[in-house]
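Good morning, and thank you for coming.

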Amino acid sequence: MAATPQKPAAATPRRKVSRHRGEGQWAAGHFTPLNGNEQFKKDDDGLNVRTRIETIYSKRGFDSIDPNDLRGRMRWWGLYTQRKPGIDGGKTAILEPEELDDKYFMLRVRIDGGRLTTQQLRVIGEISQEFARGTADITDRQNVQYHWIRIEDVPEIWNRLEAVGLSTTEACGDTPRVVIGSPVAGIAEDEIIDGSSAIDEIHSRYIGSKEFSNLPRKFKTAISGSPLLDVAHEINDIAFVGVNHPEHGPGFDLWVGGGLSTNPKIGVRLGAWVPLDEVPDVWAGVIGIFRDYGYRRLRTRARLKFLVADWGPEKFRQILQDEYLKRELIDGPAPAQPLQRWRDHVGVHRQNDGRFYVGFAPRVGRVDGTTLTKIAELAEAHGSGRVRTTVEQKMIILDVEEAQVDSLVESLEALDLTARPSSFRRGTMACTGIEYCKLAIVETKARGSQLIDELERRIPDFDEPLTININGCPNACARIQVADIGLKGQLVVNDRGEQVEGYQVHLGGALGLEAGFGRKVRGLKVTSDELPDYVERVLKRFQEEREDGERFATWAARASEEALS
């Protein structure tokens, strides 16, 4: 009888061995691109796209643009495609980029330190009227953004901007973005130190240089010597904050690793005091660490804040000193808490030379080319020809003689640019929103303007400092997590079961005084139509329940969920 064949033993399953590719850090030898963005940056530096724009795309039109240039490298020159009209927020996350793209661009003009001459402002206004259908928004990083820009017009726009000392160089992209600075640097009576020369030096040495034109992601810088802490230093990749050292005098306290978006982090102090003339070198050291050690594997972890969180401030400072500066930094004190909550310089204020500056509030940063040219005319008629933008979407006219102040304030009021705004007008900011932004889910600018009008009508006696920040998506361009009332756009279901535009609510965030992130009340979402009712209800409860001198953020942290609903 034949033997029964033996059934072969079951093979032991092979354990899958995965090779850890690291975080894509150049300093660890990981130069192989690990995502599409890193690949197109390796293929060609983003700065090189300007030649193609000038010689090919502007002549052959939108359809001639290479996709990696269109949705990648053109950002190195401040250009993003804008959202095609008529696409609702429910399709933002499901459509392909080419389905969302319009054949027009947003173009960002970088304004380092928020400093403009009236000649520059007039040119910005004229470009708006001639090439951008009148659009010109002031951002919360002191820039101006146009919409409706045609690729055919970009070279002429660059020529006009550069003729007056402005540019769009590295206004977007994985680059060192605009260096924000105190809008009253060099003129404020209470200023600790003027950081303007450091901003100028960083710009002249490094902006447009290929030394730092390929970073893991964007890099945001703030420099201010104002005791008001007026540049949101806590949420920048690097910040230099004015302090007085007990032995060395005025200089800057160094912060790194701040940022918002979907993983918000407050920056950390390195405990180092930096003199004014060393700021550019220290800046280059920190951004060098980001370039070399920053995480390039996943875009969601490619900001400096993740490296700082993993290393901690002690290790970060040690590597900065040992590998980049080749010297020790001086230990220094922390900045003092500001004595007032408003940091926007709105109103009439005396300068250090006896003249005055006048800060005023457009509605949620929305102006237009005609208005900007009129502001330039007012500044020339009442001041010396210098204007400023702020990180709260506001503007300032400098060098006004005392006898001219009242006339200027009245002229601004006639343009709906008030220097005496309500708390709601003063404290409300909004990002671009679904009108133009491909990432947005809801409308923001018009909604913010309408909310201001409603609250001024409903609660006319409310005069507490209050920030209301409105964002069209989770990316926090309008800093929702650090607002008293932060509104994150999303689709919500109304009482009729319909999906409509609305907001997730964050309450009690703050910068400066006890900086921290707002509280999310479980399940609290508000439709756009319900928004004025909701904000009115919460603010009236605050007025009823607050203790003497209590800020909204403090009350919101201790209030019951019922009171915040």
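Apart from its neighbours within four places in sequence, Glu536 is in contact with Leu455, Arg458 and Ile459, where contact means heavy atoms within 4.5 Å. This is a predicted model, in which local features need pLDDT of at least 70 and side-chain atom pairs count only at pLDDT 80 or more, while totals for chains, interfaces and linings use all residues. Residues are numbered from 1 along each chain as its sequence is written, and side-chain values use heavy atoms, with hydrogens and water left out.

Glu536 lies in helix H15, residues 531–545; helices are DSSP runs of H or I with at least four residues, strands are runs of E with at least two, and both are numbered from the N terminus. Is Glu536 buried or exposed? Its relative accessibility is 16%, so Glu536 counts as buried (under 20% relative accessible area; exposed is over 50%, partly exposed in between, with a 1.4 Å probe and protein chains only).

I now turn to helix H6, residues 154–163, where Val154, Pro155, Ile157, Trp158 and Leu161 are buried. These residues lie on the same side of H6, because they cover an arc of only 155° around the axis, taken from the directions from the helix axis to the C-beta atoms. Among the elements that cover them are helix H2 (49–60) and strand S1 (79–83). Just after H6, Gly165 has a positive phi of about 85°.
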